[in-house]
Amino acid sequence: MTPQFGLPEFGFLLRGLQWTVLLTLVAFVGGCTAGLIVALLRTCGRTTVEWMVRIYIGIFQGTPLLLQLFVVYYGLALLGLKLSAFVAVAIGFTVNASAFLGEIWRGAIQAVPRGQTEAAMALGLHYSSRMRDIVLPQAIRIALPATIGYLVQLIKGTSLAAIVGFIELARAGQIISNQTYQPLLVFGVVGAMYFILCWPLSWWGSRVEARLALAGQR
């Protein structure tokens, strides 16, 4: 007898949702940390360093995320480094996020009026002080809408983790769908869960962008 979609199946989807949220948080926090380093190196003013970071960004922005996850999980295993599915996809998403967030924040840093940096230099402030006290607070505010938008894309992108056998929300939905033969119902529930996660963030990002645009007109 074919099982029907019920509470046990819904509970399985909820466990998949938990893994999706956890993977997103790990990748986003790790990507933010590494992305800040990428952005600072990208704007450090040293040509060699900036070109090396540009190559790093180009590699991860110019190749499919699916391929990157595949290489991290299976490629490292061939080198003798066997990682669990969660650790492998967390590393893959974190590195990928660092490249995209690094570029977002690089643009935000460069959007801060240059006159403020020059004034700080005239006052004798060191690079770390200029960044910490003057540039980064403004750059974070400028980059916030794009960062929130990337977070929404990251949540939806976690569905690619299934390539290495990691069971997140989309993969859990596929498993339940194959068992119950009710794909419209199952993926309708999965879609609703993604919507509940993503829509509030998208709404927040739009509000922040509107506030920044209004502030810029004053």
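Is Y150 buried or exposed? Y150 is buried, at a relative accessible area of 12%, where buried means under 20%, exposed over 50% and partly exposed in between, with a 1.4 Å probe and protein chains only. The model is predicted: local features need pLDDT of at least 70, side-chain atom pairs count only at pLDDT 80 or more, and totals for chains, interfaces and linings use all residues. Residues are numbered from 1 along each chain as its sequence is written, and side-chain values use heavy atoms, with hydrogens and water left out.

**Aromatic pairs**

- The model has 8 aromatic pairs, a pair being two rings of Phe, Tyr or Trp (its six-membered ring) with centres within 6.5 Å; planes under 30 degrees apart count as stacked, over 60 as edge-to-face and the rest as tilted.
- Y73 and Y74 form an edge-to-face pair, because their planes stand at 85°, with the ring centres 4.8 Å apart.
- Within this pair, Y73 is buried at 13% relative accessible area, whereas Y74 is partly exposed at 35%.
- F100 and Y150 make a stacked pair, with 5.9 Å from centre to centre and 20° between the planes.
- F100 belongs to helix α4 and Y150 to helix α6, so this pair ties together parts 50 residues apart in sequence; helices (H or I, at least four residues) are DSSP runs numbered from the N terminus.
- F100 is partly exposed, with a relative accessibility of 29%.
- One aromatic cluster is formed by W19, F86 and F166.

**Charge over a ring**

- R54 sits over the face of W51, 4.7 Å from the ring centre; the criterion is NZ of Lys or CZ of Arg within 6 Å of the ring centre and within 35 degrees of the ring normal.

**Largest pocket**

- The largest pocket has a volume of about 350 Å³, the volume being the space filled by probe spheres set on grid points joined across faces, edges and corners.
- A pocket is an open set of points on a 1 Å grid over the protein atoms alone, where a 1.4 Å probe fits, with protein on both sides within 12 Å along at least five of seven lines; lining residues have an atom within 4 Å of a point.
- The lining comprises 15 residues, of which T43, I109, R114, T117 and M131 are the closest to the pocket centre.
- Elements giving two or more residues to this lining are α4 (85-111), α5 (114-122) and α6 (127-157).
- The lining divides into 7 nonpolar, 4 polar and 4 charged residues.

**Glycine in helix α3**

- G75 lies in helix α3 (residues 65-78) and is partly exposed at 25% relative accessibility.

Definitions and conventions: Nonpolar A, V, L, I, M, F, W, Y, C, P; charged D, E, K, R; others polar.
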